[in-house]
4 protein chains.
Amino acid sequence: MSDNSFGRLLRLTTWGESHGPAIGCVLDGCPPGLAISEEEIREQLLRRATGRSRHTSQRREKDEVRILSGVFEGQTTGTPISLFIENTDARSRDYQNIARQYRPGHADFTYDAKYGVRDYRGGGRSSARETTMRVAAGTIARKWLAQQYGIEIQGWLAQLGPIRTDEVKDWSVVDENPFFSPHAAIVPELEAFMDALRKSGDSVGARVNCLARNVPAGWGEPVYGKLDADLAAAMMSINATKGVEIGAGFDAVAQPGTEHRDILTREGFQSNHAGGVLGGISSGQDVVVSTAFKPTSSLRIPCTSLDADGKEVEVVTKGRHDPCVGIRATPIVEAMMALTLMDHALRHRGQIGT
Amino acid sequence: MSDNSFGRLLRLTTWGESHGPAIGCVLDGCPPGLAISEEEIREQLLRRATGRSRHTSQRREKDEVRILSGVFEGQTTGTPISLFIENTDARSRDYQNIARQYRPGHADFTYDAKYGVRDYRGGGRSSARETTMRVAAGTIARKWLAQQYGIEIQGWLAQLGPIRTDEVKDWSVVDENPFFSPHAAIVPELEAFMDALRKSGDSVGARVNCLARNVPAGWGEPVYGKLDADLAAAMMSINATKGVEIGAGFDAVAQPGTEHRDILTREGFQSNHAGGVLGGISSGQDVVVSTAFKPTSSLRIPCTSLDADGKEVEVVTKGRHDPCVGIRATPIVEAMMALTLMDHALRHRGQIGT
Amino acid sequence: MSDNSFGRLLRLTTWGESHGPAIGCVLDGCPPGLAISEEEIREQLLRRATGRSRHTSQRREKDEVRILSGVFEGQTTGTPISLFIENTDARSRDYQNIARQYRPGHADFTYDAKYGVRDYRGGGRSSARETTMRVAAGTIARKWLAQQYGIEIQGWLAQLGPIRTDEVKDWSVVDENPFFSPHAAIVPELEAFMDALRKSGDSVGARVNCLARNVPAGWGEPVYGKLDADLAAAMMSINATKGVEIGAGFDAVAQPGTEHRDILTREGFQSNHAGGVLGGISSGQDVVVSTAFKPTSSLRIPCTSLDADGKEVEVVTKGRHDPCVGIRATPIVEAMMALTLMDHALRHRGQIGT
Amino acid sequence: MSDNSFGRLLRLTTWGESHGPAIGCVLDGCPPGLAISEEEIREQLLRRATGRSRHTSQRREKDEVRILSGVFEGQTTGTPISLFIENTDARSRDYQNIARQYRPGHADFTYDAKYGVRDYRGGGRSSARETTMRVAAGTIARKWLAQQYGIEIQGWLAQLGPIRTDEVKDWSVVDENPFFSPHAAIVPELEAFMDALRKSGDSVGARVNCLARNVPAGWGEPVYGKLDADLAAAMMSINATKGVEIGAGFDAVAQPGTEHRDILTREGFQSNHAGGVLGGISSGQDVVVSTAFKPTSSLRIPCTSLDADGKEVEVVTKGRHDPCVGIRATPIVEAMMALTLMDHALRHRGQIGT
């Protein structure tokens, strides 16, 4: 088993290595009749793209996505949708020197432990380049959810290293700064922090929040297919994730029950500590997820590690890397939210019929 | 789809309602030749049992588990293992008055929104009674992992409401107090807190940590079948869970990369911020998971809610409830850890062959 | 993996050995709101029951099925339905002498080769007793299909050893003779044949046909989830099956295309060589499947075989066995047709939404 | 759900339409360390290729398969293998006239009934062009089975229309005639028959047999994951299949049990009516499958049908079509045998560990 697929009825299978000839995915199970174009997908890919600002990796992929199947005369046919991007800016020579070294915090050691062989160039299969395909496929899910149910999905940077930016001041700002911060006034602080960080050669983590509005009550399944369990798996499957919260998350630990329980009146729920999910099933409130990303492991600052022969070596990671992978994670988190919700929409229709 | 199954190669399917005639499960995929007895399962069930102390629900189930298939002359045969417990202490009359009310924080509203019909007695399918079967099946997984790989799984209460008990003072204490606290000196404080809480009629949440020792490097799958993604889904599928962390978890957000990356030397890893998983694959370090449980929603303290006709009603939850569901969660978390690891052990063997 | 489950959205998991304390199943994914009673299931079990005539095994199971979950106040709730039957007439002593012998034509040898251990009593897990649960669960699927779509499922004995009875003379006769023959005049011939066979100690095979009327056009999936591929797997999963045909089946090999293609006019299709499936998707015509059952392998007539030590032994199978397992297969084939169709109904609704 | 995937641990997902820009597949779960080249895959594709003789379609695809991922420095890495072929000889104009017509025997009507939209060019997704990817992926499975277990897979044409060629005279002949006949003397008769058929404008069906040697005893799963059930689904999922037999198949119906049961002595089994599978598990004998293919539905001979508006039309199928699709089916049947066996090899290893 090697499980490069996500979802049950809407099933995404991704393939490709960071420095292979191409990457791609197959999205199977999409209903017929949805209008979708390569242009719409490219727009979302641009949001995630490297080279978008000085704060992210300078690898410049054009990400010219092609739709190779499943769309005919501009609309989905119900057959599998194949998306395809050639890798054009892969500089594999950057990696030759670490072919047999285990970069700390990376999957080099564990891939070797598992497979005994790996494509070391740019992390191969473990590279965040794979997430391009999540965003590409997520674009389709997102559009379908919007058309069928009016669902809106919005992610934002809630914390960058020590700087918390949870509070949403203005949604419209999110896409107007390279951090996806909903707080315009804090952007200069973020920029200064990142400039200093880049200079230092170190990295930090980030927290990305995401909500979905207008999710109908009733999606999700009671026990092992809980909507929140699937969202947790979705987010934890993104590279560098170390934690996931639904609604109040870890704050619920110290809350008294009288505070946590969301009172329901004729005007609707009076709070949303549950994060839109009760008993694994959506309640009609906003579905709210928070995801923790660890700091980038690829650092210029050298450190000791082992090589494949068990010898100690000094590792310095060259190449072009984001000092904070979480900055570009917002569109990826949104995509995983969209794919999970659409999968559950189809699963719900299957059993309930509406 | 109604997805009452967990796992790919080791597949647990549970069934049963809180106040139905019985609950049970089918554990499919267990290798043949494992010695297992009803007595061993009962021992684990006792750890989770209600009525164990004055701090948990006074419902007294004997949980006389029976093995109905898959075990012959004391050992597993490789065919599905059916476990079965009659419900003997179900007092359904406690629930008649809330048959059409939506208890806040419970799944009553969302089940009705989804299915249009529900067994309201004791929460029916959404009751934590289902977790009995996780513990029962988990006993088998746990024994197999111990025998095959020497794996040890240990959970503990890391926080109860505002009281943090993260620090492990003495593993041997964990099973000697009703809280699964690894810190004997703190137990009186926990008792006093719970006594006051019970008197107040309110409830709190809890955080339960769990680690697995001796997990071989190489288990897990790179992208969507990541070991940590499956652990996140496993924990989030437990009733009342609101958050999951692997290793440093949300603390990783503010960590610099130079601190977070776990240096690997000839003596092994020098820290374990990763929580034993790199790139979705086990590294050979302890696998460490932390899970947040929300406060119990069933409270004597009345509050407003709606009934099935959309009328506002005052809800008071009688019945016998734990003021902190997290107290009994430790054996459940351990069981989900065991089931997830064993599933991945089999998946790894399937692809890699060893 | 041990894969004791069938179906994707409607998922049947069976458990139990022939001579264990009980057998049972979990049917997961059934929509809520379907009225179903133990009585309705028992009726179908009676059709399959042993001891129904002198032509089938004299083991007399009462098959007192119990519904243990998933049904509340007489109707399904959408949660997993647990069905349960105690084994009451299991005479295990009949099997002690063959505990270590490999009965020819049976799964004794292959189970040992795979698992190294097996419950030999009555064939254990490989016994046709497992099919009881297919019929039990199939009753639910059948009722749902009838209510939702007016679908009727009808099986019949099309061949018994050398005697072909394909031609359907009168549907109403099928349930009025112990052979499920649609041809009253042939029944005495079948009886005489079976009497002679029983006397001889030998056995024969059978062919069972089955059709489903009123299946809407559009069910099934194009490539690997073809309706006919799933039906083939469904039928081939029944004990003793050796072949499956859809529509014209093997006769299609010698047909010219001009004969095989079913002409479509305003009055509908003019023939049904396709058996109701085109490109894996139902066409709205009757779905027609034919299934071949091998002769019973349990014979009084001795023969040579090996035991677990590799020594040659003479095997005589005592116990109470059907000289033609195919006779009782008709309700089982119908059940598998119902389960497969209902699964596809839900899958279709999931993707297409109607 | 749209289920374009096959297998559990070795999972093939195919995508692409007959006249789209490309077709491809993702093979997930292949163990690492298998040497494989594009050249080896092309060799198998040539066996299936159109334009191979005057008896098959004159569409000439070069089928220049590319490996885009999962293979590094000539060997598999354990990550998903993406295979890719551009469609170069797609003459879509041939199909414009039937864009809204339902060709009899084709999936046009059922796709429209299901999806309401379809890529009509060359049958779109329902085209046998999809089987290219089965053969491509099957090459990998075949090589792995040969290396790991010495398994040999051999298919052959057993019947062409009325001409039976079951008897295998000489295995070496199979690949030396365009029919995959194991009977050199019969080839002129087959050629004459096909020449006459082509002249007539009509078509016929075919029966293709396939066996696998050296399959270890113990593969397969007892109930719903039976090896023969999965083989039946595998074969029935190939375009134009109408029937599947294991071992004696439908002949078992008339066999007495004393003839059918394969006696086991110290010299091994004395016959193979079971076709190498007992109780769903391989016995160590040759696994033998027979598959029926219907006659090609695309005929020059006109006939009545309906169009999308329900009006009667005369349909004549132009384009380049095989008068007997079964002729080219042999490599496809072999590929499905290989994929099914390898999947079961991995599943067996997962549960049993060897």
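1. A word on superposition before we start: copies are laid over one another by least squares on the C-alpha atoms of residues with pLDDT of at least 70 in both. Please keep in mind, too, that this is a predicted model. With that in hand, chain A can be superposed on chain D by a rotation of 180 degrees with 0.0 Å of shift along its axis, at an RMSD of 0.0 Å. This is the relation of a two-fold axis.

2. How do chains A and D meet? The interface residues of chain A are, to 100%, also interface residues in chain D, so the copies meet through the same surface. Chain A brings 42 residues to the contact and chain D brings 42 residues. About 3,200 Å² is buried between chain A and chain D, and carbon and sulfur atoms give 65% of that area.

3. On the side of chain A that touches chain D, at least two residues each come from β2 (11–16), β3 (22–28), β4 (66–69), β6 (75–76), β7 (81–86) and α2 (108–115) of chain A. The largest share of that side, five residues, is supplied by β2(A).

4. Now to the pairing of chains B and A. Chain B is superposed on chain A by a rotation of 180 degrees with 0.0 Å of shift along its axis, with an RMSD of 0.0 Å. Here, 100% of the interface residues of chain B are also interface residues in chain A, so these copies meet through the same surface. The contact joins 105 residues of chain B with 105 residues of chain A. Chain B and chain A bury about 8,200 Å² between them, with 62% of it on carbon and sulfur atoms.

5. How many salt bridges lie between chain B and chain A? The count is four.

6. Within chain C, β8 (residues 152–160) and β10 (residues 206–213) run antiparallel and are joined by eight bridges. C:Gly155, for instance, has C:Cys210 in β10(C) as its bridge partner.

7. Chain B lets us look at strand β10 (residues 206–213) and its partners. Seven of the eight residues of β10(B) are buried, so this strand is largely enclosed by the rest of the structure. Strand β8 (residues 152–160) of chain B pairs with β10(B) in the antiparallel sense over eight bridges, and B:Gln154 stands opposite B:Leu211 in β10(B). Strand β16 (residues 287–293) of chain B also pairs with β10(B) in the antiparallel sense, over seven bridges. There, B:Ala206 stands opposite B:Phe293 in β16(B).

8. Chain C holds another open sheet, of five strands in the order β1-β2-β3-β7-β4, with antiparallel pairing. Its edges are β1 (5–6) and β4 (66–69) of chain C, each with a single partner strand, so one side of each is left without a neighbour in the sheet. Strands β2 (residues 11–16) and β3 (residues 22–28) of chain C run antiparallel and are joined by six bridges. C:Asp28 in β3(C) is the bridge partner of C:Arg11.

9. C:Glu86 and C:Pro21 are 65 residues apart in sequence and 6.1 Å apart in space, C-alpha to C-alpha.

10. Finally, a helix in chain D. In α5 (residues 227–236) of chain D, 10 of the 10 residues are buried, so α5(D) is largely enclosed by the rest of the structure. Among them are D:Leu227, D:Asp228, D:Asp230 and D:Met236.

Terms used:
Residues are numbered from 1 along each chain as its sequence is written. Chains are lettered from A and ligands numbered from 1 in the order in which they are written. This is a predicted model: local features need pLDDT of at least 70, side-chain atom pairs count only at pLDDT 80 or more; totals for chains, interfaces and linings use all residues. Side-chain values use heavy atoms; hydrogens and water are left out. Two strands pair if DSSP finds at least two bridges between them. Helices (H or I, at least four residues) and strands (E, at least two) are DSSP runs, numbered from the N terminus. Buried means under 20% relative accessible area, exposed over 50%, partly exposed in between (1.4 Å probe, protein chains only). Contact means heavy atoms within 4.5 Å. Buried area is the accessible area (1.4 Å probe) that two parts lose on being put together, summed over both. A salt bridge is a side-chain nitrogen of Lys or Arg within 4 Å of a carboxyl oxygen of Asp or Glu.
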